[in-house]
Amino acid sequence: MTTTTLALIPLLPLLAAAVTSLMRDGKRASIVAIAALLGSCLLSLIAFNEAWAMAANDAPKLFNVPWLELGKTKINFGFVLNPLTGAMAAMVTFVGSLIFIYSAGYMAQDKRMARFFCYLSLFASGMLGVVLANSLILFFMCWEIVGVASYLLISFWNHKPEAAAAGKKAFIVTRIGDIGFLIGILLAFKVSGTLDFYTKGGTGILEQNLTSHMAFGYQAATVISFLLFIGAVGKSGQLPLHVWLPDAMEGPTPVSALIHAATMVAAGVFLVARTYQLFDDGGTLPLVTWVGAITALVAAFIALGQYDLKRILAYSTVSQLGLMMVGIGVAGVSVGMFHLLTHAFFKALLFLGAGSIIHGCHEEQDIRKMGGLAKPMPFTTIAYLCGTAALVAFPFTSGFFSKDEILMGAWANDRGAFWIATLASLLTALYMTRQCMYVFRGTHRGEHAPHESPPIMTVPLLILSVFALGLGALVKNSLMEHLHPFKNPPTEHEMIVIVISVLVALGGIVLGFMIYRGQVLGQAADPLALKPFERKFWFDEIYEATVGQLWTLFIIISEQLNELLVFIRDLAVELASRIGNGFSIGGDRKLIDSLAFDGMCARLRCAGRTVTRPQNGFLPGYLRLIALGTVLLGALVLWTR
Amino acid sequence: MTALLTVILSFIGALLCGFMPASAHQRIRWVALATAVAGFAVSMVCYFDITDGKFQHILGEAENWIPTLGISFITGYDGISLPLLLVTGLVAICGVLFSWDLDNRANQFYAYYFALIGGVYGVFLSLDLFLLFVFYEIAVVPKYFLIAIWGGVRRQFAAMKLVLYSFGGSALVLLGIIAIFFLTKDADGAIKSFNLLELQKGEVAAEAQTWIFPLLFLGFAILAGMWPFHTWAPTGHVAAPTATSMLLAGVVMKLGAYGCLRVAVGLLPEGAQEWATCIGIFAIINIVYGAFVALKQDDFKFVIGYSSVSHMGFVLLGLATLNEIGLTGAVLQMFSHGVIGALLFAIVGTVIYTRTKTRMLDELHHLIDRMPGIAWVFVAAALASMGLPGFSGFISELYVLIGVWESLSGWILIGAGFGILMTFGYTLVKIHEAFFRERKTGDAPKVETPYPAMTIPEKVGITILLGASLLIGICPWILTDKITPSLELLLKPFAN
């Protein structure tokens, strides 16, 4: 692998995005996009192969390209190749390719199909950038591209007001996390003087010991990892920032499968995995564990009360992402990543299956209006059941192996988290059974007759089914060996954990059967859809009442302050004009004009008039004056003598 | 000589346009375009001529103008003024493109337009404080006429306000530079010169800097839209015709910021250090406050107006850092906001307004379906404005934030982070209100007729501005390589 070939992995989809943005024909655009992603899938598999040949503690291969200078520091745009990168890139491109192909069938009727593939390619490029990046800044930039693509794709059907609103909400909520992430990046730069994860000289962020530095009164590693985790919480839909993810289901279903199940939402978990060293140094892993555990539990409860096919899956995704966090928190990168990879396959499968069901039921998403789909949609049903089996950790499916590792780690390190995760697993089995009973059993309750989807959609489903069932057993040992670091090297498998895990999965399924077997589905009240679950524990309402109100308050304060400033400004202008008026009327017109200049003129004129009055050309008057003058002159002469 | 050509060509263009008959508006616009392109071409030549951080193309000698007062006509540019020359050229071109159909007294319009641009180029090129002040004043006058004659609602009021604020700032600036004239001393005593190159050799006593700096900085910052003296900006922007609001937001606000950097920070390092935290706090207020107020606006153009205020906060924040990275960020942000602010005003003020005949967000109805192309261009511009990676805004904000962390408190950084979040919030909310939702007041139109597509000049203008932002976002070294060496020289006094 050279820098160029590695760079091609994200660049091929980017190129496809650029090309398809200029195209109008949807079909041709889809071919371009699929071909590009298949190309990067091939390259990723080569990269994976190369990475897998490395031993667990080998230094990663680095491909740094200088980008810009910040003062004395050079900022690199670079890629890192280690087993973590290889596994993730292979998964993203492989699952991505299948979803792309599926989309070509799913979106075939849409007029804006070319635009859709443009956004999808943009997304894939950003996601692969996140996976390969060797510097926090490149990671963040690609992370943002992914966010933008997600925004565009969620609100793709923008004629639906909910879709436009959901896109906005997703963008803003994840952005709250991103600000924490950004500040974390800046702090990391300040403390370590570099933004690279790894450098040739061994001075990368992950290779330094940052515990000796301080920030905000705490150890730098603690603060940085905490800030990065805020970013991960936003992107991976962890409590309390999970509210955007279920709403994001307004997007087209392939988008939900690709972005909101398999790849983007896992980017948060991937971030924690990538920067695991910081979390370990900073002692923030228990935080990761507990946020994950609580999220897993709460989301599983909410999933029990939902009726929208995709929303159930969305809450299930939130819950599973929580489990991945638990896995990283208690047992290290390999365990969390193992569940991430298996989850990507079976959750993508479930979403694509859901898409096929929705498509077959004429865009119906309410499970109460489905039922009896097993017969008209055989392939979809089989695929969906495979996905369900993996999700509920039915023995020997891939979900079983990966969840088992998590539980094992939790048992050894954190019993509290273990019991919460177990309860979440039980609920998982319960809500999935509930959903399958609603969808596949009984008679059809909708208006239109359901039909099976075309092969372009069912073939990817069947391929994914194979992986959902078999991947876990296949890669388990190899993955555990290659992904490092281990927190606690896995001890011998404790039988009790396996027994509990199996019991929980089977018990949940049986329990679900018992509860829903006798029910008239879709009509009677659902025994498990309790009010708090159905209303999602009122998270949205609580936010509306607290953050929303605060927000409004801020706006009002700023607005009033601005009014005040505008008022002062107007006052100043008013004052200036008053003063001007004062000068012009009082000063100029009254004082200077009327009194001084005009007054002087008037007095002059007045004097003139007085002086001219005697000279009126009237002879007797003159004579009278002459006589008066003579008398006065005479008197004067007499007096002076 | 080359650099000064920008000023000369603009003034010649102004005269040419002014003396053409008003009825020949179709010919006038080509003359105008040619003038604007020529100005930009000269700036490009300047770009390639720059080799190090020193002033280039110095023209004129010391005390050649009014020797008794130490006033000289001396021009030149360095890496700090260069991005501003470039952005002035770009915005000037696009301003003409977005006023392509102007036929109301076009001759006078372009005469004032290029007089303003000539003044702006002059400020960026002046190496003499007095000359800088003269150009600064030259730039104020045409603004008044551009708004008062060709403006929209309340244009006379807005024009008056803008001019009063500008002159208010100028008065402080004048006091400040006279104080510098008298108080700058080197080993031989007072320098008594306005020449920047001479002044750099001496220094002002630290106690005097403490009071001169706020005078000068405030005087310039009023034009940069610093809170609480920002209120001229939104009203002025809104009342102005599109080309003028593009210039106001894109270039004129930068005059203030440039003055802050070149004169206040450049000549009064100790004063700057003393006031840095204070400026930083005001900058944060600018960012957050502008964003909140923007969120509440109903008039689309006011939204953009307040977003300008918010974005200028980042320039001020960069200035407050007083280190190389933060100041580079400030200069980059001047360029970046110049380009993006102008683009947003162009889209809202011309592209959308000429089609919908309203700017009130409540009256817009389903624009995404009725003008899809324009809507997506606006979304792209808004993404650029939010500072998403790939666009210039990201790079400039990154530089500023890293700079902040190097010399100011982490809490200011968190404030800025909150501001970025707010920017995100209001931009997305306003995109939603403008494009994705149904009309809120009055009845929705029965037939949702699509609006006409973009015209060629509009497309060209949008491509230029968006392209510039993308180019700098992906290859920031194009500018940073030129900016940083000059800032190093500017920051030399800070080392002691």
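Colleague: Before we start, how do I read the labels, and which residues count?

Modeller: Residues are numbered from 1 along each chain as its sequence is written, and chains are lettered from A in the order in which they are written, as ligands are numbered from 1. The model is predicted, so local features need pLDDT of at least 70 and side-chain atom pairs count only at pLDDT 80 or more, while totals for chains, interfaces and linings use all residues.

Colleague: How many helices and strands are there in chain A?

Modeller: Helices (H or I, at least four residues) and strands (E, at least two) are DSSP runs, numbered from the N terminus. Chain A comes to 22 helices and four strands.

Colleague: How do I read "buried"?

Modeller: Count C-beta atoms, placed from the backbone: a residue is buried if 20 or more others lie within 10 Å of its own, exposed if 12 or fewer, and partly exposed in between. In chain A, 54% of the 641 residues count as buried; in chain B, 63% of the 496 do.

Colleague: Which residues have the most contacts inside the largest nonpolar core?

Modeller: A nonpolar core is a set of buried Ala, Val, Leu, Ile, Met, Phe, Trp, Tyr and Cys residues joined through C-beta atoms within 7 Å. The largest one here has 418 residues, and those with the most contacts inside it are Val269(A), Ala348(A), Leu349(A), Ala421(A), Ala224(B) and Leu316(B). Helix α13 (residues 324–356) of chain B gives the most to this core, 18 residues.

Colleague: What is Ala224(B) in contact with?

Modeller: Two residues are in contact if their C-beta atoms, placed from the backbone, lie within 7 Å. Leaving aside neighbours within four places in sequence, the partners of Ala224(B) include Met253(B), Cys260(B), Met312(B) and Leu316(B).

Colleague: Can you walk me through one residue of α13(B)?

Modeller: Take Val348(B), which lies in that helix. Val348(B) is buried because 25 other C-beta atoms sit within 10 Å. Not counting residues up to four places away in sequence, Val348(B) touches Phe300(B), Lys301(B), Ile304(B), Tyr353(B) and Arg359(B). Ile304(B) is 44 residues away along the chain, yet the two C-alpha atoms are separated by 8.3 Å.

Colleague: How long should a helix such as α19(B) be?

Modeller: The expected span is 1.5 Å times one less than the number of residues. With 14 residues, α19(B) (residues 477–490) should span 20 Å, and its end C-alpha atoms are 19 Å apart, which agrees. Buried residues in this helix include Leu479(B), Ile483(B), Leu487(B) and Leu490(B). What covers the buried residues of α19(B) includes β1 of chain A, along with α3 (81–98), α10 (242–267), α13 and α18 (456–474) of chain B.

Colleague: In what order do the strands of the open sheet in chain B come?

Modeller: Two strands pair if DSSP finds at least two bridges between them. Here three strands form the open sheet in the order β4-β3-β5, with antiparallel pairing. β4 (189–190) and β5 (203–204) are the edge strands, each pairing on one side only. Two bridges join β3 (residues 184–186) to β4(B), and Asp186(B) stands opposite Gly189(B).

Colleague: How many residues of each chain are in contact across the interface?

Modeller: The size of an interface is often given as accessible area lost when the parts come together. Counting contacts instead, 36 residues of chain A meet 36 residues of chain B. On the chain A side, β1 (61–70), α5 (136–154), α6 (161–192) and α21 (539–612) each supply at least two residues. The largest share, 13 residues, comes from α6(A).
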